[in-house]
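Thanks, everyone, for making time for this. I would like to walk you through a few contacts in one structure, so please keep the picture in view while I talk.

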Amino acid sequence: MTPTSASPVQPPVLPDQEELIRRLLSDTPLLKDTPDHLLQVVNVLESYGLVLDAYSKNLVDQGEQQMLNPFPVFRFFHEGFNLKRLWTHLMGDRINFEYAEYCQKAMFWHGTGGLDAYLDTPEFAEACQRIIKRKSARDPLLALNNRLYPDFAPEAIRSLTTIYCLGLFWRVMSDIFVDLARRYAIKEVTCVNDVVHHIRDGLVAAAGSPIEYKVTIGDEEIWVLPPEAGLTFLVDVAVPYVEAVFFRGMPFLGTVSYNAQARQISPDISDFKYGALYADPIPSMGAGIPPSLCMQDMYRHLPEELSLWYDDNGRGQTDVHVQICVSFQKSMFCVTNAAIAGTMPHPLHTDDPEQQAANRAYAEAWSGRLMGCQRVALL
């Protein structure tokens, strides 16, 4: 009997740039439309939506209560402080708000979009000085620090402003994701393209919502982001978030060398490719990997349907955190897809050649960014 040789396994054919452009311009989802993908994306976004609800409440509370607090040790106790909550916090039986701060630091550090531009204006600098003056009257340590290091307090206010705005952004996204799960349960969402459309419509509906921020110092209300600034949800916060967290991100400690001589990190942060769409999910739950905290938070709120699916796929519950990370990355491609669709210059069905050309140029720019991402996640 002649032995037969096994047929070699062919590597998957990844979508090239023209294919990505075609999908963006033809209202075809970037993520392959399969029942498994639908199940993963909807359920992991439901879990993420519940986590974002907690993240949002905490960040908004920080923005309202922690202005120029030199020792914000209780900033994670927005629901109130007691010994039981302290004990569960110390034991790790809690939502990991540190991951929310990691995302905030990425937005703050990369500083793109209208929000960051406003933080460089004289109006914002004037608001900072009013806040510092009022706080210094009751805080001699702040007054001394401000005389010695005049840029420290304004930078702290910039950071807290980003924290507050990220809380507002996540409030909207949490509601979108939880409502997506509701519509999936009643069969209104039946395919991946429905997921993309739902998120797109939610982003567009919130697009013009104003981003405003004021604090109360003593008996005085001070506008940090006044209505006159004209900041809005989509272009000034949502798109910068996608840029900072989905695409650029920050290198995780322990995965690459920060030594300048090693040249493992680009000196130009606009070249960074450490965001969620580029991430290798394997190190999830490794020490020093911030998304591990988010995966644990989502694991605590994992819908039963997705948990049962993990039992029959991969290595079951043994590598469930890695599987959550994979599903989460797929879902983030859907969110990115929705953000691109929601900011397309013109309707996809336009017959105007100039508008079609503008849409194609926009799709080409985004597809170029997506070529460096984990395209295998789209299969």
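Arginine 369 counts as partly exposed, because its relative accessible area is 28%, and I start with this residue in what is, please remember, a predicted model. Its side chain meets that of glutamate 243 in a salt bridge, with 3.1 Å from N to O. Arginine 369 belongs to helix H14, residues 353–370, while glutamate 243 belongs to helix H10, residues 233–248, so this pair ties together parts that lie 126 residues apart in sequence.

Is glutamate 243 itself buried or exposed? With a relative accessibility of 13% it counts as buried, because the cut-off for that word is under 20%. Glutamate 243 also forms a salt bridge with arginine 248, where the closest N and O atoms are 2.8 Å apart, and arginine 248 is likewise buried, at 12% relative accessible area.

If you are wondering about the general idea behind such pairs, side chains of opposite charge can pair when their charged atoms come close. How many salt bridges does the structure hold? The total is 22, and I will pick out one further pair from among them.

Arginine 134 forms a salt bridge with aspartate 219, and here the closest N and O atoms are 2.8 Å apart. This pair links distant parts of the chain, since arginine 134 sits in helix H6, residues 122–136, whereas aspartate 219 sits in the loop between strand E1, 213–217, and strand E2, 220–225, which puts the two residues 85 apart. Arginine 134 is partly exposed, with 32% relative accessibility, but aspartate 219 is exposed, at 70% relative accessible area.

Helix H11, residues 291–300, packs against helix H13, residues 320–342, at an angle of about 100 degrees, and their axes are 9 Å apart. That angle makes H11 roughly perpendicular to H13, because angles from 65 to 115 degrees are given that name.

Which residues make this contact? On the H11 side they are Met295, Gln296, Met298 and Tyr299, and they meet Val320, His321, Ile324, Cys325 and Phe328 in H13. Sorted by class, the contact between H11 and H13 has 7 nonpolar residues, 2 polar ones and no charged ones.

Notes. Residues are numbered from 1 along each chain as its sequence is written. This is a predicted model: local features need pLDDT of at least 70, side-chain atom pairs count only at pLDDT 80 or more; totals for chains, interfaces and linings use all residues. Side-chain values use heavy atoms; hydrogens and water are left out. Axes are lines fitted to C-alpha atoms, for helices over the stretch in contact, and angles run from 0 to 180 degrees between N-to-C directions. Helices (H or I, at least four residues) and strands (E, at least two) are DSSP runs, numbered from the N terminus. Angles under 35 degrees count as roughly parallel, over 145 as roughly antiparallel, 65 to 115 as roughly perpendicular and the rest as oblique. Contact means heavy atoms within 4.5 Å. Ala, Val, Leu, Ile, Met, Phe, Trp, Tyr, Cys and Pro count as nonpolar, Asp, Glu, Lys and Arg as charged, and the others, Gly among them, as polar. A salt bridge is a side-chain nitrogen of Lys or Arg within 4 Å of a carboxyl oxygen of Asp or Glu. Buried means under 20% relative accessible area, exposed over 50%, partly exposed in between (1.4 Å probe, protein chains only).
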